[in-house]
Amino acid sequence: MDGAILRYAIQVLDSLHDGVVAVDSEGYVIYANEANTRITGLTRDQVVGRHVSEVVPNSHILDVLASRTPLLGVRTRVFDHVVVSNIVPVYHQGRMVGAVSVFRDITEVLALSRQLDEARNTIDLLRENLTAAPVAEDGVIIGQSPAAQRMYLTARKAATVDSPVLIEGESGTGKEVMARLIHNRSARRSQPLIAVNCAAIPGTLLESELFGYEEGAFTGSRKGGRPGLFQLADGGTLFLDEIGDMDPGLQAKLLRALQSGEIRRVGGTTVQKVNVRIISATNQNLAQLVREKRFREDLYYRLRVIHLVLPPLRERRADLPLFLEHAMRRVCERLGRPPARFSPAALRALMAYPFPGNIRELENVVEQAVVLAEGDVIDVGDLPPDVVGAETAAAGPADRSGDGWLGLNDPGTFPTLEEVERRVLEAGLRAFDSKAELARHLGLSRATLYRKLARYGLA
């Protein structure tokens, strides 16, 4: 071979990320590239010129020299490393002159497989959400999970009538946002939507806020009196947030206003007709409050003509990427930052976190991550510790019972990534009542879970 061509070939081999070792027909090493040193820790001077059995006693290169048959995907332990090798015999003019082994550290293989699987999961999640219809309306994220779709359909129907709506859901699930969506799609959209938090105002003051007051009704009252929120919302919608915290005495007055469509200002003697659509919301179990005699049963049924339950984020994980994207766009616009994206590892941590504060907490987490991130990629280190810790807790305590059920402590029986994944899926199918529950526990979309089950013949 021409000297220039040989030098060029060596440069190419030295630039490879995989390790390359070549031996002659007797098993003596004649070449080792730079990646061999990085992977095995053995320099060229320690390898070249020596018999391969002296360097790696259990090398499979000698098996290839003896059998003249290629070996693909074989594992070999080299000191503290396990490598996966493809070994082939080399022929010149019909005569075998040696063999070449191309190999990679198995930890790198596992890392690449894990990154590829994370990317596939992310793509599946995004594809499922992007193909859902509808996923957003009037700036409100709807999503495509069954719970989200049921919620959306109920809200659409509620917007076509003037019946009272009761929205229940945990704090931070977007009850006021949903109330605004209903109002904005209703025939009252050109009229005001007035919101009041019943828990933030003492009962005595809340009555005057809702119904207004006449001049001299109480000490400090404004000259000429003041209209209440019912009057201000006339023709539109009144949103009563945290209705479960309303004083029992005021509940009776609210019931009379709903039944008659009339209000009377505090300190007044005349009644006024109002045309107001009522949407109320609570993060409490209102039915339980009725059973405990803490909320009027007749008012409860008057408010609950249409009942809308907003699911917490932990019950609609398939919609999380949409919420994250929406929150990212809003936060970056507000902070004047360029759009950022989550790394697969960060997205996996977010998908494992239950978000007890729901959408409000999610937006805070996104804003913190945007502020802390150095570039346009948000990684795990940019997330709050409790978010990152949730993924570790979900993984469960480390197996310290000897070899463990996965056999990860015995290098001689170290399983492949596919073997580990298959065992996890088999155990999951036994442990959970449905595939939907298993998918939620593993943090996978159902499409991804079904694809993996089919791959291993477990569907």
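Colleague: Hi! Which side chain does Glu207 meet in a salt bridge?

Modeller: Glu207 pairs with Lys253, at 2.6 Å from N to O. A salt bridge here is a side-chain nitrogen of Lys or Arg within 4 Å of a carboxyl oxygen of Asp or Glu.

Colleague: And where do Glu207 and Lys253 lie?

Modeller: Glu207 is in helix α9 (residues 203-211) and Lys253 in helix α11 (residues 248-260), so the bridge ties together parts 46 residues apart in sequence. Helices (H or I, at least four residues) and strands (E, at least two) are DSSP runs, numbered from the N terminus. Lys253 itself is partly exposed, at 30% relative accessible area. For that scale, buried is under 20% relative accessible area, exposed is over 50%, and partly exposed falls in between, with a 1.4 Å probe and protein chains only.

Colleague: What should I keep in mind about the model?

Modeller: This is a predicted model, where local features need pLDDT of at least 70 and side-chain atom pairs count only at pLDDT 80 or more, while totals for chains, interfaces and linings use all residues. Residues are numbered from 1 along each chain as its sequence is written, and side-chain values use heavy atoms, with hydrogens and water left out.

Colleague: Good to know. How many salt bridges does the count come to?

Modeller: The count is 15. One of them joins Arg314 and Glu170, at 2.4 Å from N to O. Arg314 sits in the loop between β16 (306-309) and α14 (320-335), and Glu170 in the loop between β8 (165-168) and α8 (175-185), so this pair links parts 144 residues apart in sequence. Arg314 is partly exposed at 34% relative accessible area, and Glu170 is partly exposed at 27%.

Colleague: Switching topic: which residues have the most contacts inside the largest nonpolar core?

Modeller: They are Leu210, Phe230, Leu238, Leu240, Ile243 and Phe295, in a core of 30 residues. A nonpolar core is a set of buried Ala, Val, Leu, Ile, Met, Phe, Trp, Tyr and Cys residues joined through side-chain atoms within 4.5 Å. The elements giving two or more residues to this core are β9 (193-197), α9, α10 (229-232), β12 (237-241), α11, α12 (286-291) and α13 (297-303). Helix α11 gives the largest share, five residues.

Colleague: What is Ile243 in contact with, leaving aside its neighbours within four places in sequence?

Modeller: Its partners are Leu166, Cys198, Leu254, Ser280, Ala281, Thr282, Leu286, Phe295 and Leu303. Contact means heavy atoms within 4.5 Å. Apart from this core there is another one, of 27 residues, including Val331, Leu350, Val365 and Ile378.

Colleague: What about Glu242: buried or exposed?

Modeller: Glu242 is buried, with a relative accessible area of 12%. You will find Glu242 in the loop between β12 and α11, and its phi is near 55 degrees, a positive value in a residue other than glycine. Arg68 also has a positive phi, near 60 degrees. Arg68 is in the loop between α5 (61-67) and β3 (71-78) and is partly exposed, at 48% relative accessible area.

Colleague: Last one: which residues form a nonpolar patch on the surface?

Modeller: Leu335, Val371 and Leu372 do, with about 230 Å² of accessible area together. Patches are made of residues with over 30% relative accessible area and no salt bridge, with like charges joined within 9 Å and nonpolar side chains (Val, Leu, Ile, Met, Phe, Trp, Tyr) within 5 Å. The areas come from the Shrake-Rupley method with a 1.4 Å probe, and for residues only the protein chains shown count as cover. Leu335 lies in helix α14 and is partly exposed at 32% relative accessibility.
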